[in-house]
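Try each task on the structure first, then follow the worked solution.

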Amino acid sequence: METILTRVQRVIAGKLGVTEDSVTMESDFIKDLGADSLDVAELVMLFENEFSLEIPDSEMEKMKTVGDVVGYLEKNMK
Amino acid sequence: MKLLDQKVALVTGAAQGIGRSIALKFAENGADVIFTDIREDERSQGLMAELEAKGVRAAFFAADASSLEQTKEVCNAVTEKFGRLDVLVNNAGITRDMLLLRMTAEDWERVIRLNLTSVFNYTKVFSSVMMRQRSGSIINMASIVGVNGNAGQANYAASKAGIIGFTKSVAKELGSRNIRSNAIAPGFIETAMTKQLSEEVIEHWKQEIPLRRPGTPDDVAKLALFLASDLSEYITGQVICCDGGLAL
Ligand SMILES: NC(=O)c1ccc[n+]([C@@H]2O[C@H](COP(=O)([O-])OP(=O)(O)OC[C@H]3O[C@@H](n4cnc5c(N)ncnc54)[C@H](O)[C@@H]3O)[C@@H](O)[C@H]2O)c1
């Protein structure tokens with residue numbers, strides 16, 4: 001079974017054109033991975049598809065780093 | 001090389017009038033054309049045949065532009081069949097003219113939903129396709145009435161002014177993805193929509209037009225062609241009047 005982090009890394013790498021290795025729990029989407037606010041919105045939609053769940057806008061606003069996303073998914077995935 | 005070679009375009013509410021002329025103009029210039037209207041009938045079948053006769057790929061969907069659900073279905077079918085969308089023309093629109101005193105909430109809501117919510121639906125759904133492509137041109141059919149207002153058209157004018165604000169916001173929001181968003185503001189164009197007006201009103205309008213003639217759907221289609229093509233690649237967030245000078 002793939003870990004959540006691996007799947008998140010793959011989605012991010014595919015979208016932002018960075019290597020999977022460069023995506024760590026600490027990576028900040030905007031400061032470290034070169035994303036802008038539209039990229040983050042698109043990424044959230046990709047995570048929703050990948051993990052078959054809905055991420056409310058209020059949660060999306062809190063997602064600054066990869067760790068924030070992984071933490072949210074761990075808590076909310078069944 | 002034609003202006004729209006290799007582009008895929010979609011026009012809403014195109015079974016007749018301005019939308020129809022735009023669909024044909026795009027096909028003549030090499031684009032594959034998808035069009036929608038509220039129902040399938042001789043008009044849509046006729047246009048389908050004319051488009052195909054121009055040697056491009058064409059598709060028609062009977063869909064209510066004011067329904068987000070139906071818009072998503074159209075988008076799924078379009079991406080499956082064509083794989084992309086380069087040009088979106090939000091053209092579907094209606095009027096329900098009457099003095100504010102007599103206007104019911106239903107008259108108001110219907111026009112807002114059909115003219116403005118439909119633009120939200122199509123732009124929302126198809127902009128994600130354009131974002132992935134990193135290119136696109138969105139053309140919204142406003143009206144000079146949305147700029148200047150008009151007695152007896154408070155609902156219609158509000159919907160068209162809303163389209164203008166929406167157009168400019170989308171231009172700012174999606175510009176970084178090379179997606180352009182512009183509005184066309186037609187003046188007095190001879191179509192079924194303006195045939196409903198009385199002889200007297202029509203004469204009055206004609207006198208007011210500096211170029212001294214009403215516009216034709218083809219006049220609007222030529223502007224749409226410019227905005228759809230790469231000739232306008234540095235133009236976004238604009239409202240361009242196509243009105244013979246009427247709004248001046
Ligand atoms: N004719 C003019 O003088 C004029 C002036 C300014 C702006 N406009 C705008 O140009 C656009 C086209 O106008 P036109 O004169 O060709 O009108 P029209 O009435 O001839 O054509 C409009 C088309 O939209 C379709 N439509 C209506 N509701 C729909 C829905 N819910 N979903 C899908 N299709 C729907 C109709 O069936 C019709 O085929 C409209 O947005 C109109 O407001 C027209």
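**Exercise 1.** Work out how H3(B) and H4(B) are oriented relative to each other.

Step 1. Find the two helices, residues 68–82 and 105–133 of chain B in this predicted model; helices are DSSP runs of H or I with at least four residues, numbered from the N terminus.

Step 2. Take the angle and distance: H3(B) and H4(B) pack at about 30°, and their axes are 9 Å apart. Axes are lines fitted to C-alpha atoms over the stretch in contact, and angles run from 0 to 180 degrees between N-to-C directions.

Step 3. Classify: angles under 35 degrees count as roughly parallel, over 145 as roughly antiparallel, 65 to 115 as roughly perpendicular and the rest as oblique. H3(B) and H4(B) are therefore roughly parallel to each other.

Step 4. Look at the contact (heavy atoms within 4.5 Å). On the H3(B) side, the residues include B:Leu68, B:Val74 and B:Val78, and they meet H4(B) residues including B:Tyr122, B:Phe126 and B:Val129. By class, this contact of H3(B) with H4(B) has 8 nonpolar, 3 polar and 1 charged residues. Ala, Val, Leu, Ile, Met, Phe, Trp, Tyr, Cys and Pro count as nonpolar, Asp, Glu, Lys and Arg as charged, and the others, Gly among them, as polar.

**Exercise 2.** Classify the crossing of H1 and H9 in chain B.

Step 1. H1(B) (residues 17–28) and H9(B) (residues 217–228) pack at about 50°, their axes 8 Å apart.

Step 2. This angle makes H1(B) oblique to H9(B).

Step 3. The crossing of H1(B) and H9(B) is right-handed. Among the contact residues are B:Ile18 and B:Ile22 of H1(B), and B:Val220 and B:Leu225 of H9(B).

Step 4. Sorted by class, the contact of H1(B) with H9(B) holds 9 nonpolar, 2 polar and 3 charged residues.

**Exercise 3.** Which residues are closest to the ligand, and how many surround it?

Step 1. The ligand is surrounded by 28 residues, each with a heavy atom within 4 Å.

Step 2. The closest are B:Gln16, B:Ile18, B:Asp37, B:Tyr156 and B:Thr191.

Step 3. Check a backbone pair: a polar backbone atom of B:Ile18 is 2.8 Å from an oxygen atom of the ligand.

**Notes.** Residues are numbered from 1 along each chain as its sequence is written, and chains are lettered from A and ligands numbered from 1 in the order in which they are written. In this predicted model, local features need pLDDT of at least 70, side-chain atom pairs count only at pLDDT 80 or more, and totals for chains, interfaces and linings use all residues, while side-chain values use heavy atoms, with hydrogens and water left out.

Conventions
A polar contact is a pair of N or O atoms within 3.5 Å; within protein, one must be able to donate a hydrogen and the other to accept it, and residues adjacent in sequence count only if both atoms are side-chain atoms. A crossing is left-handed if the near helix is turned anticlockwise from the far one by less than a right angle, and right-handed if clockwise.
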